[in-house]
Amino acid sequence: MRAGQPAHGARDTKVIWLLLGATFVVFLNETIMGVAIPHLVDDLHISLSAAQWLTTAFMLTMAVVIPITGFLLQRFPTRAMFITAMSLFSAGTLIAATAPGFEVLLGGRIVQATGTAIMMPLLMTTLMTVVAPSDRGRFMGRVSIVMSVAPAIGPTISGLVLNFLSWRFMFWFVLPIALVMLVIGFRKVENVSETRVLPLDVFSVVLSAFGFGGIVYGLSILGGVVTGKSPGDTVPLWVALGVGVIALGAFIWRQLLLQRRDRALLDLRTFHSRNFAVSIALMVVMMAALFGTIILLPIYLQNVLHLEPLATGLLLLPGGLVMGLLGPTVGRLYDRVGPTPLLVPGSIVVSGVLWSLTMVGEQTPWWLMLVAHVVLSAALAFMFTPLFTSALGSIEPRFYSHGSAIVGTVQQVAGAAGTALFITVMTAQSAAVAATGAALETSEAAGIRAAFLVGAIISVAAVVGTFFVRKPADMGEGAPIGH
């Protein structure tokens with residue numbers, strides 16, 4: 001067996017399953033807050049924009065912490081990182097459950113997000129380190145379950161809890177599960193990665209926080225205008241985006257200098273692999289399409305078709321479940337046939353669904369939207385597992401932690417960008433149609449069609465890009481970066 005390609009044994013498989021379980025718990029928590037916002041506004045006597053900070057701060061913390069995990073996972077062993085992540089998450093959950101007011105609740109959400117941000121890169125890096133290349137698709141398919149099913153059922157669980165109990169019980173529901181995972185991890189998780197002593201470049205941490213945090217915050221302001229979920233006008237949009245872009249440029253420049261001495265906080269030599277770069281680019285498009293669709297469909301279903309919020313949530317639930325449940329099957333197919341036979345038809349179907357959504361109107365049956373969402377989710381399942389596996393499998397093992405951090409960061413930024421893009425296009429077109437005297441339903445339907453048209457046009461480029469993704473084994477397993 002080649003160096004850097006260890007076979008996974010019973011011990012390593014057990015560690016991966018523990019990480020999968022823990023990641024499922026923290027991802028489940030990520031989406032439970034949205035449904036509770038109206039309850040929090042009434043119970044805590046706060047404004048809607050203040051309440052929205054409970055989700056915005058969570059997203060911002062994720063965007064700031066994830067880029068740093070590339071360094072942390074090289075510096076500290078698997079067991080220590082797992083215990084740290086689940087301890088932070090459990091502590092944040094307890095703080096949120098017992099919070100006497102909004103400020104403490106917000107602090108609890110930030111602590112939760114810090115632990116959540118560590119878990120996904122830790123899972124991906126461990127998987128790439130201990131699983132043989134021939135089995136990575138199968139294991140990465142299981143990661144897809146975590147990424148899709150947990151966020152999909154989160155709002156449903158929180159809705160059921162809020163029908164009978166206080167919002168605090170959303171956190172009391174999650175806390176014992178998190179503590180059990182922490183105890184099991186403390187006893188069972190073993191170190192499966194090699195560590196090395198690295199100096200921390202504090203300037204890079206600061207630039208990363210302002211760069212990724214500024215961009216995600218700016219995009220969240222832009223994307224929250226229509227939905228009424230903007231975190232407020234604490235910082236103007238142009239200032240947030242301007243600071244983010246400048247700081248991100250300085251961060252990239254700093255990493256290019258530091259990586260010459262193997263001291264980068266986030267090593268960008270991963271992009272020397274064309275396969276990694278193409279896969280990441282496709283991931284950006286698909287994540288933007290996913291999050292843009294997730295934000296537009298509830299608006300359409302409630303404002304145009306006049307469905308109740310509970311009915312809207314239940315209508316979107318099957319798609320998330322389908323995406324997650326298809327993950328293992330897609331992973332096994334990847335190991336057998338490689339990425340191209342999965343990515344090409346998957347991207348074509350994604351594009352086809354987005355083009356079909358450009359024709360929605362006031363009279364479109366709700367069941368057609370259910371079918372469209374399920375088909376879109378199934379097609380995205382054929383995209384994400386091959387892209388994750390091909391991207392991380394294309395880089396040298398010593399860069400796995402950095403590659404995992406980049407994948408996690410891309411998810412956050414692309415999701416915010418997709419939401420902002422779709423909402424901005426919808427806003428502009430809806431306003432233009434409303435100015436002609438059209439009814440609210442007519443103008444919003446026109447705006448939604450325009451937003452999906454932009455997504456459909458972008459998706460065509462993704463179809464072309466899928467032909468350039470290769471299975472790492474086809475390029476020579478263990479090939480150095482640049483091949």
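Visitor: How many residues does helix H13 have, and what span does it reach from first C-alpha to last?
Guide: In this predicted model, helix H13 covers residues 366-393, which is 28 residues, and reaches 41 Å from its first C-alpha to its last, close to the 40 Å expected at 1.5 Å a residue.

Visitor: Which helix packs on H13, and at what angle?
Guide: Helix H6, residues 136-164, packs with H13 at an angle of about 125°, and the axes of the two helices are 9 Å apart. That angle makes H6 oblique to H13, and H6 passes H13 in a right-handed crossing.

Visitor: Which residues make that contact?
Guide: On the H6 side the contact is made by Arg 136, Gly 137, Met 140, Gly 141, Ser 144 and Met 147, while H13 contributes Thr 385, Phe 388, Thr 389, Leu 392 and Gly 393.

Visitor: How far is Met 120 from Val 174?
Guide: Met 120 and Val 174 are 54 residues apart in sequence, and their C-alpha atoms are 18 Å apart in space.

Visitor: Val 174 is in H7, so what's the geometry between H4 and H7?
Guide: Helix H4, residues 78-97, and helix H7, residues 168-188, have axes that come within 9 Å and cross at roughly 160°. H4 is therefore roughly antiparallel to H7, and H4 passes H7 in a left-handed crossing.

Visitor: Which residues of H4 and H7 meet there?
Guide: Among those in H4 are Arg 79, Phe 82, Ile 83, Met 86 and Phe 89, and they belong to a set that meets H7 residues including Arg 168, Phe 171, Trp 172, Val 174 and Leu 175.

Visitor: Where is Pro 77, and is it buried or partly exposed?
Guide: Pro 77 is in the loop between helix H3 (48-75) and H4, and with a relative accessible area of 25% Pro 77 is partly exposed. The C-alpha atoms of Pro 77 and Arg 196 are separated by 9.4 Å, although these two residues are 119 residues apart along the chain.

Visitor: Switching to charges, how many salt bridges does the structure hold?
Guide: The structure holds 5 salt bridges. One of them joins Asp 262 to Arg 269, with the closest N and O atoms 2.4 Å apart.

Visitor: Are Asp 262 and Arg 269 buried or partly exposed?
Guide: Asp 262 counts as partly exposed, at 31% relative accessibility, whereas Arg 269 counts as buried, at 17%.

Visitor: What about the salt bridge between Arg 398 and Asp 262; how far apart are the closest N and O atoms?
Guide: In the salt bridge between Arg 398 and Asp 262 the closest N and O atoms are 3.7 Å apart. Arg 398 lies in the loop between H13 and helix H14 (400-434), and Asp 262 lies in the loop between helix H9 (237-258) and helix H10 (274-304), so the pair ties together parts that are 136 residues apart in sequence. Arg 398 is partly exposed, with a relative accessible area of 42%.

Visitor: What does Glu 396 form with Arg 398, and which residues end up in one network?
Guide: Glu 396 forms a salt bridge with Arg 398, the closest N and O atoms being 3.2 Å apart. Through salt bridges that share partners, Asp 262, Asp 267, Arg 269, Glu 396 and Arg 398 are joined into one network.

Visitor: Last topic, backbone: what is phi of Asp 262?
Guide: Phi of Asp 262 is near 55°, which is a positive value in a residue other than glycine. As background, most residues other than glycine have a negative phi.

Visitor: And where is His 306, and what is its phi?
Guide: His 306 is found in the loop between H10 and helix H11 (309-337), and phi of His 306 is near 60°, again a positive value in a residue other than glycine.

How values were computed: Residues numbered from 1 in each chain as written. Predicted model: local features only at pLDDT ≥ 70, side-chain atom pairs only at ≥ 80, totals over all residues. Heavy atoms only, no water. Helix = DSSP H or I, 4+ residues; strand = E, 2+ residues; numbered from the N terminus. Expected span 1.5 Å × (residues − 1). Salt bridge = Lys/Arg side-chain N within 4 Å of Asp/Glu carboxyl O. Buried < 20%, exposed > 50% of the residue type's maximum accessible area, 1.4 Å probe, protein only. Axes fitted to C-alpha atoms, helices over the stretch in contact; angles between N-to-C directions. Parallel < 35°, antiparallel > 145°, perpendicular 65-115°, else oblique. Left-handed = near helix turned anticlockwise from the far one by under 90°. Contact = heavy atoms within 4.5 Å.
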